[in-house]
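Reader: I am new to this structure and would like to know what stands behind the words used for it. Could we go through them one at a time?

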Amino acid sequence: MAQRYIRVQNQEGRIYYGLLQLSQSVELLDAPPWLQGQPTNLHLEPDSYKILAPCAPSKIVAVGKNYVDHAAEMGSTVPKEPLLFLKPPTTVIPTAVDIQYPPQTQRVDYEGELALVIGDRTFNCTPQQAQTKIWGYTIANDVTARDLQKRDSQWTRAKGFDTFCPIGPWIVRELNPAARLQTFINDAPAPVQSASIDQMVFSPDVLVSYISQVMTLLPGDVVLTGTPMGVGSLQVGDRVVVEIEGIGRLENTVSSRQHAVL
């Protein structure tokens, strides 16, 4: 099994990066692993920590319509260049934390995706150089208020609600290019999304190179690589699970977010 790099919080509230062991204990690192964090002699035992999102990005750069079939189901074709948008860091939640259904929308969709974690300051790099800038891989759910996406002329509101970017549960360094991504809703045996990640039109190295020609990516930043065909709506009470072979499973339940009290 590939090493699983995890970010956790202990019972005193301190946050650590570490390596998840088969026993479910966590071997703590002295820094984030992409900043040359090294193992210490400290361990957290099972049930003595909670899992956080595996990184704390300064930004999440996402890519739209990067699978031909998904572009078709959205009534369009794949763009000639990667279609970029941003999700704010406040959208990030870990596995097992609720996605909150906002009162401003009538339709919230799941979008299971492969996420890239950047390991080094990255600007104006080639695709070949980008391969060395991708530190690892994790799972994401690009939750989207679909009705607001269609209503607005850009996607900030639809993609930017708090809790709209579950990420995790951990990061692996290597991934089979043909690994399968699947999304499941509740206890249904059949996935609602199922695709090999090598079906994406713009590959991870091309995406990181393209983004780096626009903005500097920083260590710990996240790139969402697009979702395959099969997106659909979520209801309050639903449990959505995104699995990628070689990484694991990201699981979140949908709850209702109440109107703010003014």
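Author: We can begin with a pocket: β12 and α5 (204-212) each supply at least two residues of the lining of the largest pocket, where helices (H or I, at least four residues) and strands (E, at least two) are DSSP runs numbered from the N terminus. This is a predicted model, in which local features need pLDDT of at least 70 and side-chain atom pairs count only at pLDDT 80 or more, while totals for chains, interfaces and linings use all residues. Residues are numbered from 1 along each chain as its sequence is written, and side-chain values use heavy atoms, with hydrogens and water left out.

Reader: What makes a space a pocket, and which residues are the closest to the centre of the largest pocket?

Author: On a 1 Å grid over the protein atoms alone, a pocket is an open set of points with protein on both sides within 12 Å along at least five of seven lines, and lining residues have an atom within 4 Å of a point. The largest pocket holds about 260 Å³ of space, a volume being the space filled by probe spheres set on the grid points, which are joined across faces, edges and corners. It is lined by 13 residues, of which Tyr 137, Pro 177, Ser 203, Pro 204 and Asp 205 are the closest to its centre.

Reader: How do the residues of that lining divide into nonpolar, polar and charged?

Author: The lining of the largest pocket has 8 nonpolar, 3 polar and 2 charged residues; Ala, Val, Leu, Ile, Met, Phe, Trp, Tyr, Cys and Pro count as nonpolar, Asp, Glu, Lys and Arg as charged, and the others, Gly among them, as polar. In the second largest pocket, with about 180 Å³ of space, the lining divides into 4 nonpolar, 4 polar and 7 charged residues.

Reader: Why is the pair of Tyr 17 and Trp 34 called edge-to-face?

Author: The structure holds 5 aromatic pairs, and in this one the ring centres are 5.4 Å apart with 80° between the planes. Rings of Phe, Tyr and Trp (its six-membered ring) pair if their centres lie within 6.5 Å, and planes under 30 degrees apart count as stacked, over 60 as edge-to-face and the rest as tilted, so the pair of Tyr 17 and Trp 34 is edge-to-face. Tyr 17 lies in strand β2 (residues 15-20) and Trp 34 in the loop between β3 (26-29) and β4 (39-44), so the pair ties together parts that are 17 residues apart in sequence. Trp 34 also forms an edge-to-face pair with Trp 135, at 5.5 Å centre to centre and 75° between the planes. Tyr 5, Tyr 17, Trp 34 and Trp 135 form one aromatic cluster.

Reader: How do you know whether Trp 34 is buried or exposed?

Author: Buried means under 20% relative accessible area, exposed over 50% and partly exposed in between (1.4 Å probe, protein chains only). Trp 34 has a value of 5% and is therefore buried, and Trp 135, at 9%, is buried as well.

Reader: What makes Arg 173 a charge over the ring of Trp 135?

Author: A charge sits over a ring if NZ of Lys or CZ of Arg is within 6 Å of the ring centre and within 35 degrees of the ring normal. Arg 173 lies over the face of Trp 135, at 4.1 Å from the ring centre. The charged end of Arg 4 sits over the ring of Trp 170, 5.0 Å from its centre, and Trp 170 is found in strand β14 (residues 165-172).

Reader: Why is Cys 55 in no disulfide?

Author: A disulfide is a pair of cysteine sulfur atoms within 2.5 Å. The nearest cysteine sulfur to that of Cys 55 is that of Cys 165, 9.2 Å away, so Cys 55 is in no disulfide. By this rule the count comes to 0 disulfides. Cys 55 is buried at 2% relative accessible area, and Cys 165 is buried at 0%.

Reader: What is said of the backbone at Pro 169 and at Thr 163?

Author: Most residues other than glycine have a negative phi, and most peptide bonds are trans. The peptide bond from Gly 168 to Pro 169 is cis, with omega near 0°, and Pro 169 has its place in strand β14. Thr 163 has a positive phi, near 80°, and lies in the loop between α4 (156-160) and β14.

Terms used:
On a 1 Å grid over the protein atoms alone, a cavity is a set of points where a 1.4 Å probe fits but cannot get out, and a pocket is an open set with protein on both sides within 12 Å along at least five of seven lines; lining residues have an atom within 4 Å of a point.
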